[in-house]
Amino acid sequence: MGHCSMNYFEVLSAGLMSTLQDRGRFSYQDCGVPPSGVMDDLSYAIANALTGNDAGEGVIEFTLTGPKLRLCGDSPCIFAVTGDAVVTLNDVHCAIYHSHQMNPGDVLHVQRVRSGARGYIAVAGGFDVQPQLGSVSTLSRARLGGFEGGSLQKAAKLPLRPLSEKRQYNITSDRIFPQREKRPVRVVPGPQDNYFDDVAWKLFTRQQYRLSTQCDRMGYRLIGEPVTHLRGFNIISDAISLGSIQIPGDGQPIIAMNDRQTTGGYPKIATVIRADLARLGQLKPGDSLSFEPITVSGAETLWCGRQKLLNDLCRKLRSAAKSTDK
């Protein structure tokens, strides 16, 4: 039951912001190229595991509303959708966190997300797209990677990579929704926390912020009581990491996300820990959040624990989805 290289998805409707993403584009930040990649690595990893793909395979990341896709070609494919989304296959309810077979002429429609902001569509074998600078991830503002450098467009044809072996389907995963964890987002101080006094730090960590409408894959602008600088708001530009929280002149924090600029000249009061980035990636304009400080060693412990649980789950799913050829 493999499909041949003639198979492709025809985009009947594109959704609000649907792009091809993988784990990201690394080793080029010194040249000013951000890593891009998936905003929720938990949901991404499970989608690939459900379809038997390698961990770094490219998927479609959709935002708020997803695409409507028709399978064209002469053989079936296997797909899975993760994220808290409403999905139909040929206008019939289609379970998320579950692998399904799709036949030529079938129509997959990701209608909307119920909670959070994003979800993922993985296809067994992946999309037949040439990597650019080592990744298929889309950086839309540079027209780099993905499907012709941007988000999906109506009538586009998305080629599927041929499979050389059969794959199992009807595999179900635990539903893991990072957005449903309502605790504060955990941060480690710095690297420029010395630009703020104790009063500013307490304000930063004790108030509730709201995400403004100026939120996208590049960064999140927050709205709250302004955080006052101790010694001005300009520094010599230095590196910006995923989850860096800058405080510009107006005192309203900006969280750097996947498509961020690679350097910046505002002091960074704190950095979101890696274990909370998936939850951060599921936020949307109007959502609220607060911050909780944590030590570096505590952050490392949380990350190791999360990765062990995720790796064990994905190993189990990928084993179930492996080739059935004798």
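An open sheet of eight strands runs in the order E20-E13-E14-E17-E16-E19-E12-E21, with mixed pairing. Its edges are strand E20 (288–289) and strand E21 (291–293), each of which pairs on one side only. Here strands (E, at least two residues) and helices (H or I, at least four) are DSSP runs, numbered from the N terminus, and two strands count as paired if DSSP finds at least two bridges between them. The model is a predicted one, so to speak of its basis: local features need pLDDT of at least 70, side-chain atom pairs count only at pLDDT 80 or more, and totals for chains, interfaces and linings use all residues. Residues are numbered from 1 along each chain as its sequence is written, and side-chain values use heavy atoms, with hydrogens and water left out.

E13 pairs with strand E14 (residues 219–223) in the antiparallel sense over three bridges, and the two form a hairpin with three residues between them. E13 also pairs with E20, again in the antiparallel sense, over two bridges. Arg-210 can be followed in both directions: Ile-223 stands opposite Arg-210 in E14, while the bridge partner of Arg-210 in E20 is Ser-288.

There is also an open sheet of six strands, with the order E7-E6-E9-E4-E1-E11 and antiparallel pairing. Strand E7 (92–93) and strand E11 (157–159) are the edge strands, each pairing on one side only. Strand E1 (residues 8–13) and strand E4 (residues 68–72) are joined in the antiparallel sense over five bridges. E1 pairs with E11 too, in the antiparallel sense and over three bridges. Phe-9 has a bridge partner in each neighbour: Leu-71 in E4 and Leu-158 in E11. Another bridge to E4 links Ser-13 with Lys-68.

A couple of backbone details are worth a look in the loops. Gly-190 and Pro-191 are joined by a cis peptide bond, with omega about 20°. Pro-191 sits in the loop between strand E12 (185–189) and helix H2 (198–206). Tyr-97 is not a glycine, yet has a positive phi of about 55°; Tyr-97 is found in the loop between E7 and strand E8 (99–102).

On the domain level, the protein chain splits into domain 1 (8–175) and domain 2 (181–294), with bounds that come from an automatic or database domain assignment. The centres of the two domains, taken over C-alpha atoms, are separated by 29 Å. Across the boundary, 22 residues of domain 1 are in contact with 17 residues of domain 2, where contact means heavy atoms within 4.5 Å. The UniProt record, an unreviewed entry, lists residues 30–309 as "domain: Carboxyltransferase"; UniProt positions are given in the numbering used here, feature names are shortened, and annotations may be inferred rather than shown by experiment. Over residues 30–309 the chain is 14% helix and 29% strand, and the end C-alpha atoms lie 33 Å apart.

Then there is the largest pocket, with a volume of about 670 Å³. On a 1 Å grid over the protein atoms alone, a pocket is an open set of points where a 1.4 Å probe fits, with protein on both sides within 12 Å along at least five of seven lines, and lining residues have an atom within 4 Å of a point. Grid points are joined across faces, edges and corners, and the volume is the space filled by probe spheres set on the points. The largest pocket is lined by 28 residues, with Arg-23, Asp-41, Arg-274, Trp-303 and Arg-306 nearest its centre. Helix H1 (41–50), helix H3 (277–281) and helix H4 (296–320) are the elements that give two or more residues to this lining, and H4 gives the most, with eight. Both domain 1 and domain 2 supply at least three residues each. By type, the lining divides into 14 nonpolar, six polar and eight charged residues, where Ala, Val, Leu, Ile, Met, Phe, Trp, Tyr, Cys and Pro count as nonpolar, Asp, Glu, Lys and Arg as charged, and the others, Gly among them, as polar.
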